[in-house]
Amino acid sequence: MIFDLSFLDLELEAARTGVVSSRLLAHPTFDAIARHEAALPNRPFWDEASFRARFAAAAAGDTQDYHDWGLAPLFYSREALEEWRGWFSEQAEELTRQIGQWLERFTAVPQKPGLRCVPYVGSYDAGFTLGAGDAAIYLNLPVFSCREAFLQTLVHESFHARMTSPEVTQLLQGMEADPDPIVQLLYYTAEEGIAHIVGYGGETSTRYPTIPIRPAQEGAAELKDLLARVHAGQISGQEALETFVQTDCCYSGGGYIAHSVWQALGRDGLDLWSVQGDWKGYYAAFRATPQGADWPAVP
């Protein structure tokens, strides 16, 4: 794994000098964050003008209602950010080895060659990838309370960026955009659910949460109810998906499913999805566990 510190360096330089350079604004990571923000609802537009305005707000200490877009740590936590930077620079090889071993426990799919971890400061999320097939993981440093939280999120995102075959990559991309809303729902349940427990070392919860997530059984109960109501014809698949995306069910409920399959079948069970992209086989494996025995069938 490559720890790409070039954008973070430009942000730190801007905070030291008070000048937002043209190199920062033209950096590929600036564009990646803009694309990520634009894909999410109710996010302010990330462009040169808004960045300069929010950078100035951060420098002035105007953090109310996120006027500074999460850029304040560049000015008020610079020492901590420099420590993060030193850790990445000095321990890149060891961190790469550690992450590879962590992932290997849960999936036969190797890390993608040339995968980059890009630390940055700004916006509202812990991190993101731009989608299946992308070779970069973007992580928002000030969100993480400690190194363990950072590593858990990095492993989570590394799972998403795993090196699937071209055929499976195409299959996963097709599911994510499938016109059938239940296929989309099951895609996110499998993909995020497995990434959730992989990041947490095979568990459904952690001592170092980055975002609040309900207990697995609570999310699973809601997800099960949604699928049962679709199965009974009480709601449409689109209604189920619209409810689903407003919750944490992809993590909590998806993690419950993944943990059940992991306990029953180990890596081979998870690889029904991770390697093969076989959501029908993966969901059938879950329904064969005691935890999934009374869950509804899906189309």
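**Charge pairs and packing**

Analyst: Let's start with Lys224: at 25% relative accessibility it counts as partly exposed. Bear in mind that this is a predicted model.

User: Which residue forms a salt bridge with Lys224?

Analyst: Asp294 does, with the closest N and O atoms 2.8 Å apart. Lys224 is in helix H10 (residues 216–231) and Asp294 is in the segment after helix H13 (279–287), so the pair ties together parts that are 70 residues apart in sequence.

User: And Asp294, buried or exposed?

Analyst: Exposed, because its relative accessibility is 53% and the cut-off for exposed is over 50%.

User: How many salt bridges does a search of the whole structure find?

Analyst: The search finds 13. One of them joins Glu82 and Arg16, where the closest N and O atoms are 3.2 Å apart. That pair links distant parts of the chain, since Glu82 sits in helix H6 (residues 78–104) and Arg16 in helix H1 (residues 6–17), 66 residues apart.

User: What about the accessible area of Glu82 and Arg16?

Analyst: Glu82 is partly exposed, with a relative accessible area of 33%. Arg16 is partly exposed too, with a value of 48%.

User: What do the side chains of Glu222 and Arg214 do?

Analyst: They meet in a salt bridge, 2.8 Å from N to O. Glu222 counts as partly exposed at 24% relative accessibility, and Arg214 counts as partly exposed at 24%.

User: Which residues do salt bridges that share partners join into one network?

Analyst: Glu37, Arg43 and Asp125.

User: OK, switching to helices. Where does H10 meet H12?

Analyst: On the H10 side, the residues are Ala216, Gln217, Gly219, Ala220 and Leu223. They meet Ser252, Gly253, Gly254, Tyr256 and Ile257 in H12.

User: At roughly what angle do the axes of H10 and H12 cross?

Analyst: Roughly 100 degrees, and the axes come within 7 Å; H12 covers residues 252–274. That makes H10 roughly perpendicular to H12, because angles from 65 to 115 degrees count that way.

User: And H9 with H11, roughly parallel or roughly perpendicular?

Analyst: Their axes cross at roughly 30 degrees and come within 8 Å, so H9 and H11 are roughly parallel to each other. H9 brings Pro181, Ile182, Gln184, Leu185, Tyr188 and Thr189 to the contact, while H11 brings Gly237, Gln238, Ala240, Leu241 and Phe244.

User: Now the core. Which residues touch the most other members of the largest nonpolar core?

Analyst: Phe150 and Tyr282, out of 94 residues in that core. Helix H9 (residues 181–199) gives the largest share of this core, 10 residues.

User: What does Tyr282 touch?

Analyst: Leaving out residues up to four places away in sequence, Tyr282 touches Ala190, Ile194, Ile257, Ala258, Val261, Gly269, Leu270, Leu272 and Trp273.

User: And Phe150, where's that one?

Analyst: Phe150 is in H7, among the buried residues there, which also include Leu151, Leu154, Val155 and Phe159. The buried residues of H7 also include Gln152, His156 and Glu157.

User: How many of the 14 residues of H7 are buried?

Analyst: 12 of them, so H7 is largely enclosed by the rest of the structure. As for its length, the 14 residues (147–160) should span 20 Å at 1.5 Å a residue, and the end C-alpha atoms are 20 Å apart, which agrees.

User: Last topic: loops. Which residue other than glycine has a positive phi near 60 degrees?

Analyst: Trp69. Its place is in the loop between helix H4 (48–59) and helix H5 (73–76), and Trp69 counts as buried at 0% relative accessibility.

User: What's the phi of Ser123?

Analyst: About 70 degrees, a positive value although Ser123 is not a glycine. Ser123 lies in the loop between strand E2 (116–120) and strand E3 (127–128). At 6% relative accessibility, Ser123 counts as buried, because the cut-off is under 20%.

User: And Gln234, buried or exposed?

Analyst: Exposed, with a relative accessible area of 58%. Gln234 lies in the loop between H10 and helix H11 (237–244). From Gln234 to Asp180 is 17 Å in space, C-alpha to C-alpha, and 54 residues in sequence.

Note on methods: Residues numbered from 1 in each chain as written. Predicted model: local features only at pLDDT ≥ 70, side-chain atom pairs only at ≥ 80, totals over all residues. Heavy atoms only, no water. Salt bridge = Lys/Arg side-chain N within 4 Å of Asp/Glu carboxyl O. Helix = DSSP H or I, 4+ residues; strand = E, 2+ residues; numbered from the N terminus. Buried < 20%, exposed > 50% of the residue type's maximum accessible area, 1.4 Å probe, protein only. Expected span 1.5 Å × (residues − 1). Core = buried A, V, L, I, M, F, W, Y, C linked by side-chain atoms within 4.5 Å. Contact = heavy atoms within 4.5 Å. Axes fitted to C-alpha atoms, helices over the stretch in contact; angles between N-to-C directions. Parallel < 35°, antiparallel > 145°, perpendicular 65-115°, else oblique.
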